[in-house]
Amino acid sequence: MIERKITTTFYIANYDELTVADQVLINKAKEILESAYSSYSGFAVGSSVLLDNGKTIEGSNQENVAYPSGLCAERVALFYASSKYPESMINTIAISASSKSFKIEDYISPCGACRQVMAEYEEKQKSKIRVLLHSPNDKVLISDSVEDLLPFVFRSPFLKRF
Ligand code: THU
């Protein structure tokens, strides 16, 4: 048996240490929290995506009485961004959360399905997507690539035909 280790790199910054562009993107993720349709969980998530054409697209989580029919904020934003600007590359995604029912003390961490979707776009555009995870205490976790957040990602070569 061989032991292998995976290490990952990420950065922690204060909101006020960020570039203005990153601050703006986080503000947009926070603003869109208002539109979350999250009455079943009481947990609102906002996401904003910066494209290489300079446009930003925001999304919030959209829940449903048939629970699995709902969708996370990240995928709402990413799917809309890719639908509206299919030729554009995604530069950065910012994510924030708020809740009246739960105490949120740490970074909102994107679920596995959202990471898989981010990884797909990273592979499609052949360039890295930065990820900004905003914490209510105004600390921000920064990852330079989705790959760093999802080891053993399922990639398109797995579906290569004979
Ligand atoms: N949620 C997101 O929108 N993004 C995440 O990264 C994690 C969870 C949503 C799904 C559901 O509407 C609520 O948060 C509680 O899980």
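A salt bridge here is a side-chain nitrogen of Lys or Arg within 4 Å of a carboxyl oxygen of Asp or Glu. Glutamate 3 and lysine 5 form one, with their closest N and O atoms 3.1 Å apart. The model is predicted: local features need pLDDT of at least 70, side-chain atom pairs count only at pLDDT 80 or more, and totals for chains, interfaces and linings use all residues. Residues are numbered from 1 along each chain as its sequence is written, and side-chain values use heavy atoms, with hydrogens and water left out.

**Salt bridges**
- The count comes to four salt bridges.
- Glutamate 3 is exposed at 62% relative accessible area, and lysine 5 is exposed at 70% (buried is under 20%, exposed over 50%, partly exposed in between; 1.4 Å probe, protein chains only).
- Lysine 103 pairs with glutamate 105, the closest N and O atoms being 3.3 Å apart.
- Lysine 103 is exposed at 72%, and glutamate 105 is exposed at 57%.
- Glutamate 123 bridges to arginine 155, with the closest N and O atoms 3.5 Å apart.
- Glutamate 123 lies in helix 3 (residues 112-125) and arginine 155 in the segment after strand 6 (139-143), so this pair ties together parts 32 residues apart in sequence. Helices (H or I, at least four residues) and strands (E, at least two) are DSSP runs, numbered from the N terminus.
- Glutamate 123 is partly exposed, at 25%.

**Aromatic rings**
- The whole structure has three aromatic pairs (rings of Phe, Tyr and Trp, the last by its six-membered ring, with centres within 6.5 Å; planes under 30 degrees apart are stacked, over 60 edge-to-face, the rest tilted).
- The ring centres of tyrosine 40 and tyrosine 67 are 5.8 Å apart and the planes meet at 50°, so the pair is tilted.
- This pair links distant parts of the chain, 27 residues apart: tyrosine 40 in the loop between helix 1 and strand 2, tyrosine 67 in the loop between strand 3 (56-60) and helix 2 (73-84).
- Tyrosine 40 is partly exposed at 38%, whereas tyrosine 67 is exposed at 59%.

**Cysteines**
- The structure holds zero disulfides (a disulfide is a pair of cysteine sulfur atoms within 2.5 Å).
- The sulfur of cysteine 72 is 3.8 Å from its closest cysteine sulfur, in cysteine 114, too far for a bond.
- Cysteine 111 is in no disulfide either; the nearest cysteine sulfur, that of cysteine 114, is 3.7 Å away.
- Cysteine 72 is partly exposed at 25%, and cysteine 111 is partly exposed at 31%.
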